[in-house]
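Me: I would like to go through the structure below. Please keep the answers brief.
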Amino acid sequence: MLKKSILITTAIIILAAAAFIGTSIYTLYSKKEISVDPKLKEISGIEFDKKQRLWAINDSGDKPKLYRLNKDGSIAKEILVTNAKNIDWEDMTQNKFGHFFLGDFGNNKNDRKWLTIYKIENPIDIKGNTTEAEIIKFTYPELDGTPVTPEQRNYDLEAFVALGRHLYLFTKNRTEPFDGITKVYKVGDHAANFNAELIDSFKTCTTMEKLCWITSAALSPDRKKLVLLDSTSIWLFENYKGDKFFSGDVSRIDLGIVTQKEAITFYDDNTIVFTDEEFKGIGGNAYFIKLDEVTKNVIRKVSTLKSAEK
(Lines give C-alpha, C1' and ligand atoms only; values in the text may rest on other atoms or scores of the structure.)
Protein backbone atom coordinates (compact mmCIF):
# COMPACT_ATOMS: atom_id res chain seq x y z
CA MET A 1 0.00 0.00 0.00
CA LEU A 2 2.82 2.37 0.93
CA LYS A 3 4.63 1.58 -2.32
CA LYS A 4 1.48 2.33 -4.33
CA SER A 5 1.03 5.63 -2.48
CA ILE A 6 4.62 6.63 -3.26
CA LEU A 7 4.13 5.78 -6.94
CA ILE A 8 0.93 7.86 -7.11
CA THR A 9 2.63 10.81 -5.39
CA THR A 10 5.60 10.57 -7.76
CA ALA A 11 3.29 10.47 -10.78
CA ILE A 12 1.41 13.54 -9.55
CA ILE A 13 4.68 15.43 -9.06
CA ILE A 14 5.88 14.49 -12.55
CA LEU A 15 2.57 15.53 -14.13
CA ALA A 16 2.59 18.81 -12.21
CA ALA A 17 6.17 19.52 -13.29
CA ALA A 18 5.33 18.70 -16.91
CA ALA A 19 2.29 21.00 -16.78
CA PHE A 20 4.38 23.80 -15.30
CA ILE A 21 7.08 23.43 -17.97
CA GLY A 22 4.46 23.28 -20.69
CA THR A 23 2.80 26.44 -19.41
CA SER A 24 6.16 28.22 -19.17
CA ILE A 25 7.06 27.25 -22.76
CA TYR A 26 3.67 28.50 -23.99
CA THR A 27 4.05 31.76 -22.03
CA LEU A 28 7.21 32.55 -23.99
CA TYR A 29 6.53 31.06 -27.41
CA SER A 30 3.00 32.46 -27.69
CA LYS A 31 4.73 35.86 -27.97
CA LYS A 32 7.14 34.82 -30.73
CA GLU A 33 6.93 36.85 -33.93
CA ILE A 34 10.10 36.06 -35.90
CA SER A 35 13.17 33.83 -35.88
CA VAL A 36 16.34 35.91 -36.07
CA ASP A 37 19.01 35.31 -38.72
CA PRO A 38 21.67 32.87 -37.37
CA LYS A 39 24.35 35.50 -38.07
CA LEU A 40 22.97 37.27 -35.01
CA LYS A 41 23.65 34.29 -32.79
CA GLU A 42 24.59 36.49 -29.81
CA ILE A 43 22.10 39.31 -30.26
CA SER A 44 22.65 41.78 -27.41
CA GLY A 45 20.85 45.00 -28.39
CA ILE A 46 17.90 46.07 -30.55
CA GLU A 47 16.31 49.37 -31.59
CA PHE A 48 13.80 50.63 -34.15
CA ASP A 49 14.83 53.39 -36.55
CA LYS A 50 12.69 56.37 -37.56
CA LYS A 51 10.86 54.17 -40.09
CA GLN A 52 10.11 51.54 -37.43
CA ARG A 53 12.56 49.02 -38.87
CA LEU A 54 14.40 46.78 -36.43
CA TRP A 55 18.19 46.98 -35.98
CA ALA A 56 20.36 44.67 -33.90
CA ILE A 57 23.93 44.21 -32.68
CA ASN A 58 25.95 41.17 -31.66
CA ASP A 59 27.88 40.59 -28.47
CA SER A 60 31.69 40.32 -28.36
CA GLY A 61 33.50 38.49 -31.16
CA ASP A 62 31.69 40.17 -34.04
CA LYS A 63 32.81 43.14 -36.10
CA PRO A 64 31.56 46.59 -34.98
CA LYS A 65 28.39 46.30 -37.06
CA LEU A 66 24.69 47.04 -36.92
CA TYR A 67 22.24 44.78 -38.75
CA ARG A 68 18.81 45.76 -40.08
CA LEU A 69 16.31 42.92 -40.04
CA ASN A 70 13.54 42.18 -42.50
CA LYS A 71 10.12 41.28 -41.15
CA ASP A 72 10.99 37.59 -41.54
CA GLY A 73 14.15 37.97 -39.42
CA SER A 74 16.65 37.84 -42.27
CA ILE A 75 19.34 40.52 -42.60
CA ALA A 76 18.49 43.38 -44.95
CA LYS A 77 21.51 45.63 -44.40
CA GLU A 78 24.77 45.87 -42.45
CA ILE A 79 26.50 49.07 -41.30
CA LEU A 80 30.12 49.07 -40.13
CA VAL A 81 31.22 51.63 -37.52
CA THR A 82 34.70 52.31 -38.88
CA ASN A 83 36.28 53.89 -35.79
CA ALA A 84 34.82 51.40 -33.29
CA LYS A 85 35.80 48.07 -31.76
CA ASN A 86 33.48 45.38 -30.50
CA ILE A 87 35.24 44.33 -27.32
CA ASP A 88 31.98 43.52 -25.57
CA TRP A 89 28.92 45.23 -27.06
CA GLU A 90 26.05 44.63 -24.66
CA ASP A 91 23.13 46.96 -25.42
CA MET A 92 21.80 49.60 -27.79
CA THR A 93 19.52 52.55 -27.11
CA GLN A 94 18.49 55.84 -28.72
CA ASN A 95 17.59 59.36 -27.62
CA LYS A 96 14.58 61.46 -28.62
CA PHE A 97 16.51 62.86 -31.60
CA GLY A 98 17.06 59.37 -33.01
CA HIS A 99 20.77 59.04 -32.29
CA PHE A 100 21.77 55.44 -31.61
CA PHE A 101 24.12 54.58 -28.74
CA LEU A 102 26.10 51.34 -28.77
CA GLY A 103 27.35 50.17 -25.38
CA ASP A 104 30.79 48.54 -25.40
CA PHE A 105 30.78 48.16 -21.65
CA GLY A 106 30.57 44.46 -20.84
CA ASN A 107 32.81 43.88 -17.83
CA ASN A 108 32.41 40.24 -16.79
CA LYS A 109 35.53 40.18 -14.64
CA ASN A 110 34.94 43.69 -13.25
CA ASP A 111 38.45 44.65 -14.37
CA ARG A 112 37.88 47.09 -17.26
CA LYS A 113 38.82 50.54 -16.00
CA TRP A 114 37.55 52.62 -18.95
CA LEU A 115 34.43 51.69 -20.89
CA THR A 116 33.06 53.01 -24.18
CA ILE A 117 29.77 54.09 -25.72
CA TYR A 118 29.57 54.85 -29.45
CA LYS A 119 27.07 57.48 -30.60
CA ILE A 120 25.93 57.45 -34.25
CA GLU A 121 23.19 59.08 -36.27
CA ASN A 122 19.92 57.28 -36.86
CA PRO A 123 20.64 54.48 -39.35
CA ILE A 124 18.14 55.76 -41.92
CA ASP A 125 20.29 58.90 -42.20
CA ILE A 126 23.45 56.92 -42.95
CA LYS A 127 24.34 56.86 -46.63
CA GLY A 128 26.08 53.67 -47.66
CA ASN A 129 27.28 50.89 -45.39
CA THR A 130 29.74 52.66 -43.09
CA THR A 131 29.70 55.42 -40.52
CA GLU A 132 31.89 57.01 -37.84
CA ALA A 133 30.91 57.36 -34.22
CA GLU A 134 31.21 60.02 -31.57
CA ILE A 135 33.08 58.34 -28.69
CA ILE A 136 31.97 58.56 -25.07
CA LYS A 137 34.31 57.20 -22.40
CA PHE A 138 33.52 56.60 -18.74
CA THR A 139 34.88 54.96 -15.63
CA TYR A 140 33.50 54.16 -12.20
CA PRO A 141 35.07 56.43 -9.54
CA GLU A 142 34.93 53.48 -7.13
CA LEU A 143 37.48 51.63 -9.30
CA ASP A 144 40.51 53.32 -7.74
CA GLY A 145 43.02 50.61 -8.58
CA THR A 146 42.50 48.46 -5.52
CA PRO A 147 41.30 44.87 -6.10
CA VAL A 148 37.53 44.44 -6.39
CA THR A 149 36.47 42.01 -3.67
CA PRO A 150 33.73 39.41 -4.40
CA GLU A 151 31.01 41.30 -2.53
CA GLN A 152 31.79 44.46 -4.58
CA ARG A 153 31.57 42.93 -8.08
CA ASN A 154 28.85 45.18 -9.43
CA TYR A 155 30.66 46.91 -12.31
CA ASP A 156 29.56 44.67 -15.16
CA LEU A 157 27.06 46.34 -17.46
CA GLU A 158 24.58 45.18 -20.10
CA ALA A 159 21.76 47.73 -20.01
CA PHE A 160 21.27 51.46 -20.56
CA VAL A 161 18.78 54.12 -21.70
CA ALA A 162 18.94 57.73 -22.88
CA LEU A 163 16.90 60.45 -21.16
CA GLY A 164 17.42 64.16 -21.65
CA ARG A 165 21.13 64.79 -22.14
CA HIS A 166 22.24 61.80 -20.11
CA LEU A 167 22.68 58.05 -20.38
CA TYR A 168 21.58 55.84 -17.49
CA LEU A 169 23.51 52.61 -16.92
CA PHE A 170 22.06 49.58 -15.08
CA THR A 171 24.66 47.17 -13.72
CA LYS A 172 24.67 43.38 -14.05
CA ASN A 173 25.34 42.25 -10.51
CA ARG A 174 28.09 39.64 -10.02
CA THR A 175 28.52 39.97 -6.26
CA GLU A 176 29.39 36.93 -4.12
CA PRO A 177 27.25 36.28 -2.21
CA PHE A 178 24.71 37.57 -4.73
CA ASP A 179 22.64 40.44 -3.32
CA GLY A 180 20.39 41.04 -6.35
CA ILE A 181 21.00 44.79 -6.58
CA THR A 182 21.31 46.59 -9.91
CA LYS A 183 22.94 49.99 -9.53
CA VAL A 184 22.13 52.98 -11.74
CA TYR A 185 24.91 55.27 -12.92
CA LYS A 186 24.61 58.46 -15.00
CA VAL A 187 26.96 59.87 -17.66
CA GLY A 188 26.63 62.54 -20.35
CA ASP A 189 25.43 61.70 -23.87
CA HIS A 190 28.26 63.46 -25.76
CA ALA A 191 31.93 62.85 -26.53
CA ALA A 192 33.94 63.26 -23.31
CA ASN A 193 35.53 61.29 -20.48
CA PHE A 194 33.08 60.87 -17.59
CA ASN A 195 33.16 59.66 -14.03
CA ALA A 196 29.93 57.69 -13.83
CA GLU A 197 27.70 59.08 -11.08
CA LEU A 198 25.88 56.57 -8.88
CA ILE A 199 22.28 57.79 -8.46
CA ASP A 200 20.07 54.85 -7.42
CA SER A 201 19.66 51.09 -7.05
CA PHE A 202 16.97 48.39 -7.25
CA LYS A 203 16.85 44.82 -5.93
CA THR A 204 15.45 42.17 -8.27
CA CYS A 205 15.88 38.86 -6.44
CA THR A 206 18.53 36.94 -4.53
CA THR A 207 17.61 33.34 -5.34
CA MET A 208 19.80 32.61 -8.38
CA GLU A 209 21.93 35.29 -10.00
CA LYS A 210 21.41 33.99 -13.54
CA LEU A 211 17.65 34.49 -13.13
CA CYS A 212 18.05 38.03 -11.83
CA TRP A 213 20.83 39.51 -13.97
CA ILE A 214 19.72 42.68 -15.77
CA THR A 215 20.68 42.20 -19.42
CA SER A 216 18.96 45.09 -21.24
CA ALA A 217 16.84 48.20 -20.67
CA ALA A 218 14.49 50.44 -22.64
CA LEU A 219 12.39 53.57 -22.30
CA SER A 220 9.04 53.97 -24.02
CA PRO A 221 8.89 56.65 -26.75
CA ASP A 222 6.93 58.96 -24.41
CA ARG A 223 9.61 58.35 -21.71
CA LYS A 224 6.93 57.38 -19.18
CA LYS A 225 7.83 53.70 -18.85
CA LEU A 226 11.14 51.99 -18.13
CA VAL A 227 11.66 48.25 -18.58
CA LEU A 228 14.53 46.07 -17.40
CA LEU A 229 15.03 42.57 -18.78
CA ASP A 230 16.28 39.39 -17.14
CA SER A 231 16.13 35.75 -18.22
CA THR A 232 12.56 35.15 -17.01
CA SER A 233 10.98 38.57 -16.55
CA ILE A 234 10.39 42.13 -17.61
CA TRP A 235 10.48 44.65 -14.76
CA LEU A 236 8.14 47.56 -15.54
CA PHE A 237 8.53 50.96 -13.85
CA GLU A 238 5.84 53.64 -14.21
CA ASN A 239 4.68 56.89 -12.62
CA TYR A 240 8.19 57.96 -11.66
CA LYS A 241 9.43 61.54 -11.55
CA GLY A 242 12.29 62.70 -13.77
CA ASP A 243 15.11 60.18 -13.66
CA LYS A 244 14.03 58.64 -10.33
CA PHE A 245 12.98 55.50 -12.17
CA PHE A 246 12.45 53.38 -9.06
CA SER A 247 10.31 55.94 -7.21
CA GLY A 248 7.00 54.97 -8.82
CA ASP A 249 4.98 51.84 -9.52
CA VAL A 250 6.82 48.54 -10.06
CA SER A 251 5.43 45.45 -11.80
CA ARG A 252 6.90 42.18 -13.02
CA ILE A 253 5.85 40.45 -16.25
CA ASP A 254 6.52 36.70 -16.39
CA LEU A 255 8.17 35.56 -19.64
CA GLY A 256 8.01 31.82 -19.03
CA ILE A 257 10.95 29.48 -19.51
CA VAL A 258 14.53 30.51 -18.89
CA THR A 259 16.35 31.51 -22.08
CA GLN A 260 19.25 33.88 -22.64
CA LYS A 261 17.22 37.05 -23.09
CA GLU A 262 19.66 39.84 -23.90
CA ALA A 263 17.86 42.69 -25.72
CA ILE A 264 14.68 44.72 -25.26
CA THR A 265 13.10 47.84 -26.77
CA PHE A 266 9.74 49.53 -27.36
CA TYR A 267 8.01 49.50 -30.75
CA ASP A 268 5.48 52.02 -29.45
CA ASP A 269 4.28 53.12 -26.01
CA ASN A 270 2.26 49.91 -25.56
CA THR A 271 4.37 47.34 -27.45
CA ILE A 272 7.59 45.78 -26.19
CA VAL A 273 9.96 43.68 -28.28
CA PHE A 274 12.63 41.43 -26.78
CA THR A 275 14.98 38.78 -28.13
CA ASP A 276 16.92 35.80 -26.89
CA GLU A 277 20.02 33.97 -28.04
CA GLU A 278 19.73 30.52 -29.61
CA PHE A 279 21.04 27.62 -27.51
CA LYS A 280 20.60 23.98 -28.53
CA GLY A 281 17.56 24.73 -30.64
CA ILE A 282 15.85 26.95 -28.08
CA GLY A 283 15.59 30.72 -28.54
CA GLY A 284 17.02 32.85 -31.33
CA ASN A 285 13.72 34.70 -31.70
CA ALA A 286 12.08 38.09 -31.39
CA TYR A 287 8.97 38.30 -29.22
CA PHE A 288 6.29 41.01 -29.08
CA ILE A 289 4.01 41.78 -26.13
CA LYS A 290 1.25 44.34 -25.60
CA LEU A 291 1.31 45.92 -22.15
CA ASP A 292 -2.47 46.22 -22.07
CA GLU A 293 -2.84 42.49 -22.74
CA VAL A 294 -0.33 40.86 -20.35
CA THR A 295 -0.61 40.01 -16.68
CA LYS A 296 1.38 42.38 -14.49
CA ASN A 297 2.37 41.15 -11.05
CA VAL A 298 2.36 44.29 -8.90
CA ILE A 299 5.46 44.62 -6.73
CA ARG A 300 4.76 48.12 -5.49
CA LYS A 301 1.93 50.58 -6.14
CA VAL A 302 2.83 54.09 -5.02
CA SER A 303 -0.76 55.33 -5.08
CA THR A 304 -1.75 52.45 -2.76
CA LEU A 305 1.11 53.22 -0.38
CA LYS A 306 0.15 56.88 -0.23
CA SER A 307 -3.47 55.99 0.53
CA ALA A 308 -2.37 53.67 3.35
CA GLU A 309 -0.22 56.43 4.88
CA LYS A 310 -3.16 58.86 5.14
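Me: Are Tyr168 and Phe245 buried or exposed?
Reply: In this predicted model, Tyr168 and Phe245 are both buried.

Me: How many aromatic pairs are there by this rule?
Reply: The count comes to 16 aromatic pairs.

Me: What is the geometry of the pair formed by Phe138 and Tyr140?
Reply: The ring centres of Phe138 and Tyr140 are 5.9 Å apart and the planes are at 85°, so this pair is edge-to-face. Phe138 and Tyr140 are buried.

Me: And what about Tyr168 and Phe245 as an aromatic pair?
Reply: That pair is edge-to-face too, with 5.4 Å centre to centre and 90° between the planes of Tyr168 and Phe245.

Me: Which parts does the pair tie together?
Reply: Tyr168 belongs to strand β12 (residues 166-172), while Phe245 sits in the loop between β18 (233-238) and β19 (249-254), so the pair ties together parts 77 residues apart in sequence.

Me: Which residues do ring pairs link into a cluster with Tyr168?
Reply: The cluster comprises Tyr168, Phe170, Phe202, Trp235, Phe237, Tyr240, Phe245 and Phe246.

Me: Where does Arg174 lie?
Reply: Arg174 lies over the face of Trp213, 4.7 Å from the ring centre.

Me: Changing topic: how much space lies in the largest pocket?
Reply: The largest pocket holds about 380 Å³ of space. Its lining has 18 residues, and those closest to the centre are Ser231, Val258, Thr259, Gln260 and Lys261.

Me: What is the lining of the largest pocket by class?
Reply: The lining has 9 charged, 5 nonpolar and 4 polar residues. At least two lining residues come from each of α2 (209-212) and β20 (261-268).

Definitions and conventions:
Residues are numbered from 1 along each chain as its sequence is written. This is a predicted model: local features need pLDDT of at least 70, side-chain atom pairs count only at pLDDT 80 or more; totals for chains, interfaces and linings use all residues. Side-chain values use heavy atoms; hydrogens and water are left out. On a 1 Å grid over the protein atoms alone, a cavity is a set of points where a 1.4 Å probe fits but cannot get out, and a pocket is an open set with protein on both sides within 12 Å along at least five of seven lines; lining residues have an atom within 4 Å of a point. Grid points are joined across faces, edges and corners, and a volume is the space filled by probe spheres set on the points. Helices (H or I, at least four residues) and strands (E, at least two) are DSSP runs, numbered from the N terminus. Ala, Val, Leu, Ile, Met, Phe, Trp, Tyr, Cys and Pro count as nonpolar, Asp, Glu, Lys and Arg as charged, and the others, Gly among them, as polar. Rings of Phe, Tyr and Trp (its six-membered ring) pair if their centres lie within 6.5 Å; planes under 30 degrees apart count as stacked, over 60 as edge-to-face and the rest as tilted. Buried means under 20% relative accessible area, exposed over 50%, partly exposed in between (1.4 Å probe, protein chains only). A charge sits over a ring if NZ of Lys or CZ of Arg is within 6 Å of the ring centre and within 35 degrees of the ring normal.
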